[in-house]
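Visitor: I'd like a close look at one part of this chain, starting from whatever the record annotates and then moving out to what lies on either side. Could you take me through it?

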Amino acid sequence: MLVLTVVIVYVDRAGYHDNSDERVDFLDSVYYSTVTLSTTGYGDIVPYSDSARLSNILLVTPLRVVFLIILVGTTLEVLAERTREQYRLNRWRSALRDHTVVVGFGTKGRSAVETLCATGLPKNRVVVVDPNHKVIEAANAEGFAGVVGDATRSDVLLRAEAQRARQFVIATQRDDTAVLVTLTARQLNRGANIVAAVREEENAPLLRQSGADAVITSASAAGRLLGMSVQSPTAGAVIEDLIQQGTGLDLVERTVVKAEVGKSVRDTEDLVVSVLRGHRLLAYDDPDASPLQAADRLITIVRAPMVQE
């Protein structure tokens, strides 16, 4: 519209009067068109011929009206979209509680989320935090909510409603980052379950001191699985099957049902590996594991379809 107005004024420039030098050149045409479309004009350049005034009535004034409509319409659209987005965000935050915050959506984080979803966790109860915009876009494409930012900062975790989360999965690329994220998450949420991954075994105690309830050493775990597979490829395949939820055999934790209270570990229907009694983890062959108590939790091996049912 500005270019069109400049052409109209420049073609009929002889019908305009400039108070400064009494002639209108190309720059004056651009100046007049700009101030005319965006304002009511300053009166320093005015049309005085009949043709110039007629073109202003029939062409320039309608262009000015269209310009204002576009300006106001665009502004209102942006404000309305921001208002709707803020409303959706506030509504989402108010309804979000007891969710899972996943920090880092690389190979480790993605695999952890897939395992959680395979055990029945809805995707709308997962919030992914990562500093990479493309990673968050990928998480959004898979149906997860995403927050872009550095999870070592408390304001970023607050945007993920970390203070109301049930559990955290910290799968960052660096061990020092994992420690800082754990400290921040524990400060915001004292009761959440925090599970973190580190690369080096020597950093695991530091991460536990930072507030992590469970620490997985990725490099050591992969190395132990490699060593087991060398000694017995079948045993390695079984372990791989157990840690891959949803297929074959699954390792699950469940409560003791009423019918099992007072019975021996070997009398249960499932294959019990360990018994969690309070803060004690008892092996299946531990004499203290039997008889089972009502408050016990069992770590069992079951078929994957049973988990899905």
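Guide: Gladly! UniProt, in an unreviewed entry, lists residues 97-216 under "domain: RCK N-terminal"; UniProt positions are given in the numbering used here, feature names are shortened, and such annotations may be inferred rather than shown by experiment. What you see is a predicted model, in which local features need pLDDT of at least 70 and side-chain atom pairs count only at pLDDT 80 or more, while totals for chains, interfaces and linings use all residues. Residues are numbered from 1 along each chain as its sequence is written, and side-chain values use heavy atoms, with hydrogens and water left out.

Helices (H or I, at least four residues) and strands (E, at least two) are DSSP runs, numbered from the N terminus. Asp 98 sits in the loop between α3 and β3 (100-103), and its phi is near 55°, a positive value in a residue other than glycine. Glu 161, in the loop between α6 (154-159) and β6 (167-170), also has a positive phi near 55° without being glycine.

In helix α1 (residues 2-11), the buried residues include Thr 5, Val 6, Ile 8 and Val 9. These four cover an arc of only 165° around the axis, which puts them on the same side of α1; the arc is that of the directions from the helix axis to the C-beta atoms. An α-helix has 3.6 residues a turn, so residues three or four places apart point the same way. On the face of α1 turned away from the buried side you will find the exposed residues Val 3 and Val 11. The cover over the buried residues of α1 includes β1 (16-18), α2 and α3.

Those last two helices also pack on each other. Helix α2 (residues 26-38) and helix α3 (residues 50-95) have axes 8 Å apart, at an angle of about 55°. That makes α2 oblique to α3. Axes are lines fitted to C-alpha atoms, for helices over the stretch in contact, and angles run from 0 to 180 degrees between N-to-C directions; under 35 degrees counts as roughly parallel, over 145 as roughly antiparallel, 65 to 115 as roughly perpendicular, and the rest as oblique. From α2, Tyr 32, Thr 36, Leu 37 and Ser 38 meet Asn 56, Val 60, Leu 63, Arg 64 and Phe 67 of α3, where contact means heavy atoms within 4.5 Å. By class, this contact has five nonpolar, three polar and one charged residues. (Ala, Val, Leu, Ile, Met, Phe, Trp, Tyr, Cys and Pro count as nonpolar, Asp, Glu, Lys and Arg as charged, and the others, Gly among them, as polar.)

Val 35 is also part of α2, and it is buried, with a relative accessible area of 9%. Leaving aside neighbours within four places in sequence, Val 35 touches Thr 40, Gly 41 and Tyr 42. Val 135, 100 residues from Val 35 along the chain, has its C-alpha atom 45 Å from that of Val 35.

Past the annotated span, helix α9 (residues 218-231) crosses helix α10 (residues 233-243) at roughly 140°, and their axes come within 5 Å. That makes α9 oblique to α10. Leu 225, Met 228, Ser 229, Val 230 and Gln 231 in α9 meet Pro 233, Ala 235, Gly 236, Ile 239 and Glu 240 in α10; six of these contact residues are nonpolar, three polar and one charged.

To finish, Thr 255 lies in strand β9 (residues 249-255) and is partly exposed at 44% relative accessibility. Not counting residues up to four places away in sequence, Thr 255 touches Asp 296 and Arg 297. The peptide bond from Ser 290 to Pro 291 is cis, with omega near 0°, and Pro 291 belongs to the loop between β11 (280-283) and β12 (297-303).

Note on methods:
Buried < 20%, exposed > 50% of the residue type's maximum accessible area, 1.4 Å probe, protein only.
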